[in-house]
Amino acid sequence: MQKLNVAILGATGAVGQRFIQLLEEHPWFQVAEVIGSSRSAGRPYGEAAHWVLDDSPPARISDMTVGALDDRIESPLVFSALPKEAARLRELELAAAGHVVCTNASANRMLDDVPLLLPEVNAEHIGLIDVQRARRGWSSGALVANSNCTTMPVVMALKPLLKYGIRRLHLVSEQAVSGAGYPGVSSMDMIDNIIPYVPGDEDKMESESRKMLGHLDGDRIVTLDCAVSATCTRVPVLDGHLVNVSLELDERPTLSDIIDDWESYQAPAPVPDLPSAPDFPLQYLQQIDRPQPRRDRQAGAGMMTSIGRLRDCPALGHKFAALSHNTVRGAAGCSILNAELMTVMGYIEGFAVTLRQQMHLRASAEV
């Protein structure tokens, strides 16, 4: 099948590089434009990007010339890994011009008409695109966001527990250094140390989790009625954000009930058949000392959430640990999965993949 051309904004940064890596063998999308800062614009990508992932950038991408942020973009689908301030206006401009923008940036994710999308959790929030287009006069453009990377494992783990009524949450994160980008945190600060502060992330965890676990009511998201308190820390781990969660529920399920809910959870159709969706979104690890970033961050090609240490909490009722790969599941991988959902739901003008086609493509790949 003919692949859809995509552009990557912030392509030379750490998350931009992850987009390039994940899209290299994608069955539907192909990187056609790489956009960087004024320092990178006009240079070959292989020269402009300080590649921080394993291996090297694909040769085809290395030879591409990096475009400037204000250049005209041709690709109908745009993935944004821009810094917050650079993203704020440019993403809206591109959506108004008819592009579908899937962003990892935080600048616009809490706007009332922007879906904060995690397909296994709130695929129905994609209907907010229709509201967005009607309000803003966008005929074919759209802006869809994914959450802060630390919020991701929390929301994934809580989705199967919504039926018990979530009343209060206490969250303490242990976040990898890759979450700070490159060069990130100084080695003088990070080695032999834990930093009990990650700028902005505590507010994001407290607000974004409630939006993502809320429900679409007509033209708005009704946020989850739940008290959330978050503390964010930076630890000397390369990749993988671990969050310790304590929660109070309206009901009192047994530990076995909760583990069964996690292990049996499946996203609604069409999410499980999307190319980037893991076979199972959640796994519960029985070992008392898991999950661990080094051992569990690559589960499901980095797209699964690993949960462990479920036990009684004397203060709130239950507590556990949840882990996701922050630059895959928590960043580029989620944006790509969002774009895949938009594709099968018909939100990308002139390009659609039916579930029948997807099943055929998947079967062909397995052969």
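**Pocket, cores and cysteines in a predicted model**

Helix H1 (14-23), helix H4 (84-96), helix H9 (201-212) and helix H12 (328-344) each contribute at least two residues to the lining of the largest pocket, in what is a predicted model.

User: Which helix gives the most to the lining of the largest pocket, and which residues lie nearest its centre?

Analyst: Helix H1 gives the most, with 4 residues. The lining comprises 45 residues, of which Val15, Ala81, Leu82, Pro83 and Gly181 lie nearest the centre of the pocket, and the space in this pocket is about 1,200 Å³.

User: What makes cysteine 226 and cysteine 334 count as buried?

Analyst: Buried means under 20% relative accessible area. Cysteine 226 has 9% relative accessibility and therefore counts as buried, and cysteine 334, at 0%, therefore counts as buried too.

User: Why is arginine 295 called partly exposed?

Analyst: The class covers values between the buried limit of 20% and the exposed limit of 50%, and arginine 295 has 48% relative accessibility, so it counts as partly exposed. Arginine 295 belongs to helix H11 (residues 293-296), and its C-alpha atom is separated by 9.8 Å from that of glycine 240, which is 55 residues apart from it along the chain.

User: What makes the pairing of the arginine 295 and glutamine 292 side chains a polar contact?

Analyst: A polar contact needs N or O atoms within 3.5 Å, and the contact between these two side chains is at 2.5 Å.

User: How do you know that helix H7 is mostly covered?

Analyst: Of the 8 residues in helix H7 (residues 151-158), 8 are buried, among them Thr151, Pro153 and Leu158.

User: Which residues have the most contacts inside the largest nonpolar core?

Analyst: Within this core of 54 residues, they are Leu118, Leu158, Leu169, Leu171, Trp262, Ile307 and Phe320, and helix H7 gives the most to the core, with 6 residues. Leucine 171 touches residues including Val154, Met205, Val228 and Val243, when residues up to four places away in sequence are not counted. A second, separate core has 49 residues, including Ile8, Ala11, Cys102 and Phe351.

Technical notes: Residues are numbered from 1 along each chain as its sequence is written. This is a predicted model: local features need pLDDT of at least 70, side-chain atom pairs count only at pLDDT 80 or more; totals for chains, interfaces and linings use all residues. Side-chain values use heavy atoms; hydrogens and water are left out. Buried means under 20% relative accessible area, exposed over 50%, partly exposed in between (1.4 Å probe, protein chains only). A polar contact is a pair of N or O atoms within 3.5 Å; within protein, one must be able to donate a hydrogen and the other to accept it, and residues adjacent in sequence count only if both atoms are side-chain atoms. A nonpolar core is a set of buried Ala, Val, Leu, Ile, Met, Phe, Trp, Tyr and Cys residues joined through side-chain atoms within 4.5 Å. Contact means heavy atoms within 4.5 Å. On a 1 Å grid over the protein atoms alone, a cavity is a set of points where a 1.4 Å probe fits but cannot get out, and a pocket is an open set with protein on both sides within 12 Å along at least five of seven lines; lining residues have an atom within 4 Å of a point. Grid points are joined across faces, edges and corners, and a volume is the space filled by probe spheres set on the points.
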